[in-house]
Amino acid sequence: MSRYLISTWEPEVPAFWQSRGKSTANRNLWISIPALMLAFAVWMVWSVVVVNLPNIGFTYSTNQLFWLAAVPGLSGATLRIFYSFMVPVFGGRKWTAISTASLLIPAAGIGFAVQDPSTGYPTMLLLSLLCGFGGGNFASSMANISFFFPKSQKGYALGMNAGLGNLGVSAVQFVVPLVITAAVFGGDPQTWIKGEETKHMWLQNAGFIWVPFIAVTAIAAWFGMNDLASAKASFAEQAVIFKRKHNWLMCWLYVGTFGSFIGYSAAFPLLTKTLFPDVNPLQYAFLGPLVGALARVAGGWISDRLGGAVVTLWTFVAMIAAVLGVLHFLPAAGTAGSFWGFFWMFMVLFACTGVGNASTFRMIPVIFLTLHQRACAGKPAAIQAQAVANANKEAAAVLGFTSAVAAYGAFFIPKSYGTSIALTGGPGAALWCFIGFYTTCIAITWWCYARKGAEMPC
């Protein structure tokens with residue numbers, strides 16, 4: 001048996017948790033976090049690259065640029081469906097190492113492709129699709145970490161993993177504009193002529209900068225993480241979640257929280273540039289994902305204390321208020337709008353998505369543990385122990401699958417903006433649709449989980 005495989009894992013037993021469980025769980029968590037951070041960075045790197053392509057001689061149309069920004073969301077969300085079930089099949093250690101190493105392909109590919117303005121659009125589109133590897137990693141990472149921690153600390157653990165992992169979105173939007181200004185990895189610079197001013201940039205660094213970190217982290221995962229025998233399950237065993245009503249309800253709610261976070265992150269730079277042409281969006285774009293990621297860490301802690309459902313409910317209320325604020329500050333006929341009002345309303349919106357990301361993920365393990373415990377109430381201890389194991393496996397699969405469905409927000413939100421602008425001249429129609437969707441999320445959360453007498457209070 002491999003020395004990396006743990007045969008007995010009982011985090012709900014206090015003696016086990018204090019003697020060896022806590023230290024092992026934390027070690028796996030603290031390797032998982034940078035792996036997930038790099039995954040998000042590679043997934044969202046096109047949000048920065050597309051802004052710079054026209055400056056260095058690429059002649060793609062505006063619609064083509066929007067597609068390059070949106071396609072990683074489409075492929076990442078689709079891959080998450082498959083990644084959701086990989087940890088119980090292959091093991092968390094092996095899958096984390098392999099999926100992290102796969103990020104080397106799009107990172108290095110972008111570095112080489114952007115150095116030649118004659119690179120064909122199909123090549124760029126393929127690299128954009130491959131960046132979906134980073135998006136897929138979230139599903140398997142969250143499923144893996146959920147196995148390691150007891151019920152009382154799942155909100156903290158999932159909040160830390162996802163919240164600090166989400167910092168990869170902010171990191172890519174902060175780091176790339178800096179590293180493309182210097183010959184960090186050598187190579188010829190690209191020339192950017194802006195009016196009478198000539199600048200040089202090394203856009204290849206947008207991909208190359210992540211390569212050494214990906215390699216080191218993949219090695220750390222292979223030698224530093226563990227596989228859990230109790231987490232083993234075939235796809236058929238996990239597929240029971242498709243029959244669970246609460247799987248589909250939580251998919252809907254997580255689209256509202258994480259789908260909003262990742263969609264707004266992908267679209268914010270381009271939307272800002274479109275609405276406020278005199279503003280350099282790359283000076284501010286990283287702040288939204290940063291606020292959302294840090295809010296997710298806090299949201300996990302708050303949800304462990306107040307309950308995931310009540311936090312989720314009020315988060316959606318606040319998100320509607322923030323979107324109304326964005327609408328108020330948009331440019332309109334005869335007015336230039338207010339960039340700073342627009343910006344701060346989006347910061348509130350990003351913070352709300354972060355808190356909601358944590359609170360919804362806190363709900364899932366509690367829902368499925370309660371579901372299985374109710375089913376075996378009064379039965380022998382062995383049956384109850386097996387019920388807990390089954391609940392953990394189902395919850396992990398649901399965590400991954402809901403994240404897969406929600407990740408389509410990285411595609412649909414940018415495309416919603418583009419469609420709204422094309423049809424109406426502004427993003428307002430898309431924003432009103434988002435408000436309508438958040439209203440349905442409030443209704444579902446209140447009726448199923450938050451009200452007195454709810455079917456599954458959590």
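A charge is said to sit over a ring if NZ of Lys or CZ of Arg is within 6 Å of the ring centre and within 35 degrees of the ring normal. In this protein, the charged end of Arg-93 sits over the ring of Trp-222, 4.4 Å from its centre. Arg-451 likewise lies over the face of Trp-447, at 3.7 Å from the ring centre.

Colleagues, a word on the basis of these values. The model is a predicted one, in which local features need pLDDT of at least 70 and side-chain atom pairs count only at pLDDT 80 or more, while totals for chains, interfaces and linings use all residues. Residues are numbered from 1 along each chain as its sequence is written, and side-chain values use heavy atoms, with hydrogens and water left out.

I turn to the overall form. The secondary structure comprises 19 helices and 4 strands; these are DSSP runs, helices being H or I of at least four residues and strands E of at least two, numbered from the N terminus. The radius of gyration is 22 Å, close to the 23 Å that the globule rule gives for 458 residues, so the protein is as compact as a globular protein of that length. That radius is taken over C-alpha atoms, and the rule is 2.2 Å times the number of residues to the power 0.38. Along the principal axes, the C-alpha atoms fill a box of roughly 80 × 50 × 35 Å. Of the 458 residues, 59% are buried (under 20% relative accessible area, with exposed over 50% and partly exposed in between, using a 1.4 Å probe and protein chains only).

Next, the open spaces. On a 1 Å grid over the protein atoms alone, a pocket is an open set of points with protein on both sides within 12 Å along at least five of seven lines, a cavity is a set where a 1.4 Å probe fits but cannot get out, and lining residues have an atom within 4 Å of a point. Grid points are joined across faces, edges and corners, and a volume is the space filled by probe spheres set on the points.

The largest pocket holds about 660 Å³ of space. It is lined by 29 residues, and the closest to its centre are Val-51, Asn-55, Trp-192, Asn-280 and Leu-282. Among the elements that give two or more residues to this lining are helix H3 (62–83), helix H9 (154–179) and strand E2 (190–194).

The second largest pocket has about 350 Å³ of space. Trp-9, Glu-10, Pro-11, Val-388 and Asn-392 lie nearest its centre, out of 16 lining residues. Helix H16 (339–375) and helix H17 (381–406) each give two or more residues to this lining, and H17 gives the most, with 4.

What of the enclosed spaces? Ser-32, Trp-95 and Asn-137 are among the residues that line the largest cavity. H5 gives the most to that lining, with 5 residues.

Phe-339 counts as buried at 10% relative accessibility, and Phe-343 is buried at 3%.
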